Amino acid sequence: MANPKIAVFASGTGSNYNAIMHAIECKELHAEVALLVSDQPTAKVLEKAEKYETETFVFQPKDYPNKASFESAILQALQHAQVEWLVLAGYMRLVGKTLLEHYEGKIINIHPSLLPAFPGLDAIGQAFQAGVKVSGVTIHFVDEGMDTGSIIAQHPVLIEEGMSRDDLQTAIQKVEHSLYPKTIQQLIN
Ligand code: GAR
(Lines give C-alpha, C1' and ligand atoms only; values in the text may rest on other atoms or scores of the structure.)
Protein backbone atom coordinates (compact mmCIF):
# COMPACT_ATOMS: atom_id res chain seq x y z
CA MET A 1 0.00 0.00 0.00
CA ALA A 2 1.20 3.52 -0.76
CA ASN A 3 2.45 5.62 2.13
CA PRO A 4 -0.06 8.18 3.48
CA LYS A 5 0.43 11.65 2.03
CA ILE A 6 0.93 14.48 4.46
CA ALA A 7 1.36 18.24 4.10
CA VAL A 8 3.67 20.15 6.43
CA PHE A 9 2.63 23.72 7.29
CA ALA A 10 5.55 25.93 8.36
CA SER A 11 6.34 29.63 8.67
CA GLY A 12 9.89 29.55 10.02
CA THR A 13 13.20 27.74 10.08
CA GLY A 14 11.82 24.33 9.29
CA SER A 15 13.87 22.23 11.68
CA ASN A 16 10.81 20.05 12.33
CA TYR A 17 10.16 19.70 8.59
CA ASN A 18 13.80 18.62 8.30
CA ALA A 19 13.38 16.06 11.09
CA ILE A 20 10.29 14.65 9.37
CA MET A 21 12.14 14.34 6.04
CA HIS A 22 15.11 12.73 7.78
CA ALA A 23 12.83 10.19 9.50
CA ILE A 24 11.29 9.36 6.11
CA GLU A 25 14.75 8.86 4.59
CA CYS A 26 15.73 6.60 7.47
CA LYS A 27 12.48 4.63 7.03
CA GLU A 28 11.38 5.42 10.57
CA LEU A 29 8.38 7.32 9.22
CA HIS A 30 6.38 5.73 6.43
CA ALA A 31 4.78 8.78 4.85
CA GLU A 32 5.20 11.04 1.86
CA VAL A 33 5.39 14.81 2.30
CA ALA A 34 3.33 15.71 -0.76
CA LEU A 35 3.19 19.44 -0.03
CA LEU A 36 4.86 22.12 2.09
CA VAL A 37 2.53 25.03 2.82
CA SER A 38 4.01 28.35 3.95
CA ASP A 39 2.60 31.81 4.56
CA GLN A 40 6.11 33.34 4.57
CA PRO A 41 7.73 33.65 1.13
CA THR A 42 11.16 34.28 2.71
CA ALA A 43 11.02 31.51 5.31
CA LYS A 44 14.12 29.35 5.69
CA VAL A 45 11.96 26.24 5.49
CA LEU A 46 11.51 26.91 1.76
CA GLU A 47 15.25 26.43 1.14
CA LYS A 48 15.00 23.08 2.92
CA ALA A 49 11.96 22.14 0.80
CA GLU A 50 13.94 22.92 -2.35
CA LYS A 51 16.73 20.64 -1.22
CA TYR A 52 14.28 17.79 -0.64
CA GLU A 53 12.33 18.67 -3.80
CA THR A 54 9.06 18.92 -1.88
CA GLU A 55 6.30 20.65 -3.80
CA THR A 56 5.35 23.95 -2.13
CA PHE A 57 2.31 26.16 -1.83
CA VAL A 58 3.46 29.61 -0.71
CA PHE A 59 1.00 32.42 -0.14
CA GLN A 60 0.66 35.77 1.58
CA PRO A 61 -2.59 36.33 3.48
CA LYS A 62 -2.55 40.00 2.45
CA ASP A 63 -3.15 38.92 -1.17
CA TYR A 64 -6.55 37.47 -0.20
CA PRO A 65 -9.69 39.20 1.09
CA ASN A 66 -10.02 36.87 4.11
CA LYS A 67 -9.01 33.59 5.75
CA ALA A 68 -11.74 31.59 3.99
CA SER A 69 -10.40 32.64 0.63
CA PHE A 70 -6.73 31.81 1.27
CA GLU A 71 -7.71 28.54 2.95
CA SER A 72 -9.78 27.66 -0.15
CA ALA A 73 -6.64 28.15 -2.25
CA ILE A 74 -4.65 25.96 0.18
CA LEU A 75 -7.42 23.35 0.09
CA GLN A 76 -7.26 23.19 -3.69
CA ALA A 77 -3.50 22.57 -3.56
CA LEU A 78 -3.96 19.92 -0.83
CA GLN A 79 -6.62 18.10 -2.79
CA HIS A 80 -4.58 18.26 -5.97
CA ALA A 81 -1.67 16.66 -4.09
CA GLN A 82 -4.07 14.10 -2.53
CA VAL A 83 -3.00 15.03 0.98
CA GLU A 84 -4.62 13.09 3.86
CA TRP A 85 -3.03 14.64 6.97
CA LEU A 86 -2.02 18.22 7.84
CA VAL A 87 1.06 18.49 10.06
CA LEU A 88 1.65 21.95 11.52
CA ALA A 89 5.31 22.61 12.33
CA GLY A 90 5.77 26.23 13.28
CA TYR A 91 2.77 27.49 11.27
CA MET A 92 2.01 30.59 13.34
CA ARG A 93 -1.60 31.09 12.32
CA LEU A 94 -4.96 29.83 13.58
CA VAL A 95 -6.53 27.26 11.27
CA GLY A 96 -9.96 28.31 10.04
CA LYS A 97 -13.24 26.58 9.28
CA THR A 98 -12.43 25.78 5.64
CA LEU A 99 -9.52 23.49 6.50
CA LEU A 100 -10.97 22.24 9.81
CA GLU A 101 -14.14 21.00 8.12
CA HIS A 102 -12.33 19.21 5.29
CA TYR A 103 -9.65 17.66 7.47
CA GLU A 104 -11.59 16.96 10.65
CA GLY A 105 -9.47 14.87 13.05
CA LYS A 106 -6.58 14.94 10.60
CA ILE A 107 -4.76 18.14 11.60
CA ILE A 108 -2.03 18.06 14.23
CA ASN A 109 0.32 20.64 15.71
CA ILE A 110 3.51 20.67 17.75
CA HIS A 111 3.92 23.24 20.51
CA PRO A 112 7.04 23.94 22.60
CA SER A 113 5.49 23.72 26.09
CA LEU A 114 3.49 21.32 28.21
CA LEU A 115 0.02 22.56 27.25
CA PRO A 116 -2.22 23.92 28.62
CA ALA A 117 0.70 25.91 30.08
CA PHE A 118 2.16 28.66 27.89
CA PRO A 119 -0.01 28.61 24.75
CA GLY A 120 0.51 31.10 21.91
CA LEU A 121 3.63 32.93 20.84
CA ASP A 122 7.10 32.39 22.33
CA ALA A 123 6.15 29.52 24.61
CA ILE A 124 9.82 28.90 25.38
CA GLY A 125 10.37 32.52 26.47
CA GLN A 126 7.14 32.43 28.51
CA ALA A 127 8.29 29.31 30.40
CA PHE A 128 11.76 30.74 30.94
CA GLN A 129 10.37 34.03 32.28
CA ALA A 130 7.95 32.20 34.58
CA GLY A 131 10.87 30.34 36.15
CA VAL A 132 9.22 26.92 35.91
CA LYS A 133 11.46 23.92 36.50
CA VAL A 134 9.80 21.71 33.90
CA SER A 135 8.55 22.57 30.45
CA GLY A 136 8.43 20.37 27.37
CA VAL A 137 6.71 19.55 24.11
CA THR A 138 3.08 18.84 23.24
CA ILE A 139 1.60 17.34 20.10
CA HIS A 140 -2.14 17.90 19.81
CA PHE A 141 -5.07 17.82 17.42
CA VAL A 142 -5.93 21.22 16.02
CA ASP A 143 -9.27 22.88 16.67
CA GLU A 144 -10.41 26.48 16.21
CA GLY A 145 -8.65 27.66 19.40
CA MET A 146 -5.06 28.68 20.08
CA ASP A 147 -3.21 25.47 21.05
CA THR A 148 -6.37 24.05 22.64
CA GLY A 149 -7.10 20.77 20.81
CA SER A 150 -6.94 17.37 22.52
CA ILE A 151 -3.48 16.19 23.45
CA ILE A 152 -1.86 13.27 21.61
CA ALA A 153 1.63 13.19 23.14
CA GLN A 154 3.76 15.13 25.61
CA HIS A 155 7.36 14.97 26.72
CA PRO A 156 8.91 16.94 29.60
CA VAL A 157 12.16 18.92 29.49
CA LEU A 158 13.81 19.84 32.80
CA ILE A 159 15.01 23.43 33.21
CA GLU A 160 18.24 23.00 35.13
CA GLU A 161 19.97 25.65 37.23
CA GLY A 162 22.00 28.04 35.04
CA MET A 163 20.26 27.13 31.80
CA SER A 164 19.79 30.05 29.38
CA ARG A 165 16.73 30.61 27.19
CA ASP A 166 18.78 29.38 24.22
CA ASP A 167 19.77 26.22 26.10
CA LEU A 168 16.10 25.56 26.80
CA GLN A 169 15.23 26.08 23.13
CA THR A 170 17.95 23.63 22.08
CA ALA A 171 16.72 21.04 24.58
CA ILE A 172 13.08 21.47 23.53
CA GLN A 173 13.85 21.27 19.82
CA LYS A 174 15.88 18.11 20.34
CA VAL A 175 12.79 16.50 21.88
CA GLU A 176 10.55 17.88 19.11
CA HIS A 177 12.71 16.37 16.38
CA SER A 178 12.35 12.85 17.72
CA LEU A 179 8.82 13.05 19.19
CA TYR A 180 7.10 14.50 16.11
CA PRO A 181 8.12 11.88 13.49
CA LYS A 182 7.44 9.08 16.02
CA THR A 183 3.98 10.41 16.88
CA ILE A 184 3.07 11.04 13.23
CA GLN A 185 4.03 7.44 12.44
CA GLN A 186 1.80 6.12 15.25
CA LEU A 187 -1.13 8.24 14.13
CA ILE A 188 -1.19 7.75 10.40
CA ASN A 189 -0.46 4.06 10.06
C1 GAR B 1 8.77 24.81 16.95
O2 GAR B 1 9.49 24.90 18.15
C3 GAR B 1 7.29 24.63 17.23
O4 GAR B 1 7.05 23.88 18.39
C5 GAR B 1 6.83 26.05 17.35
O6 GAR B 1 7.52 26.74 16.35
C7 GAR B 1 8.82 26.15 16.21
C8 GAR B 1 9.12 25.98 14.74
O9 GAR B 1 10.45 25.62 14.56
N10 GAR B 1 5.42 26.16 17.20
C11 GAR B 1 4.64 26.96 17.93
O12 GAR B 1 5.06 27.72 18.76
C13 GAR B 1 3.14 26.83 17.62
N14 GAR B 1 2.35 27.53 18.56
P15 GAR B 1 10.97 25.03 13.19
O16 GAR B 1 10.54 26.02 12.09
O17 GAR B 1 12.46 25.01 13.34
O18 GAR B 1 10.37 23.66 12.98
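Predicted model: local features only at pLDDT ≥ 70, side-chain atom pairs only at ≥ 80, totals over all residues.
Contact is taken here to mean heavy atoms within 4.5 Å.

Strands β1 and β2 run parallel and are joined by five bridges, with F9 standing opposite V37 in β2. Strand β6 (residues 134-141), in contrast, pairs with β7 in the antiparallel sense over seven bridges; here I139 has A153 in β7 as its bridge partner.

How enclosed is β1 by the rest of the structure? Buried residues are those under 20% relative accessible area, and four of the five residues of β1 are buried, so this strand is largely enclosed.

Once neighbours within four places in sequence are set aside, the contacts of S135 are P112, S113, L114, A127, H155, P156, V157, I159 and I172.

Attention now turns to α1. Its buried residues are S15, N16, Y17, A19, I20, M21 and A23. The elements that cover them include the strands β1, β2, β4 and β5 (107-111), along with the helices α2 (45-52) and α6. Just after α1, K27 takes a positive phi of about 60 degrees.

Two packed helices are described by the angle between their axes and the distance between the axes. For helix α1 (residues 15-25) and helix α6 (residues 165-188), the packing angle is about 50 degrees and the axes are 9 Å apart. The two helices are therefore oblique to each other, and α1 passes α6 in a right-handed crossing. On the α1 side, the residues that meet α6 are S15, N16, A19, I20 and A23; on the α6 side, Q173, E176, H177, Y180, P181 and I184 meet them. By type, the residues of this contact between α1 and α6 divide into six nonpolar, four polar and one charged.

The packing of α1 with α2 gives another view of the helix. Here the axes come within 10 Å and cross at roughly 20 degrees, which makes α1 roughly parallel to α2. This crossing of α1 and α2 is left-handed, whereas that of α1 and α6 is right-handed. Y17, N18, M21, H22 and E25 are the α1 residues that meet α2, where their counterparts are V45, K48, A49 and Y52. The residues of the contact of α1 with α2 comprise five nonpolar, two polar and two charged.

Technical notes: Residues numbered from 1 in each chain as written. Heavy atoms only, no water. Axes fitted to C-alpha atoms, helices over the stretch in contact; angles between N-to-C directions. Parallel < 35°, antiparallel > 145°, perpendicular 65-115°, else oblique. Left-handed = near helix turned anticlockwise from the far one by under 90°. Nonpolar A, V, L, I, M, F, W, Y, C, P; charged D, E, K, R; others polar. Pairing = 2+ DSSP bridges. Buried < 20%, exposed > 50% of the residue type's maximum accessible area, 1.4 Å probe, protein only.
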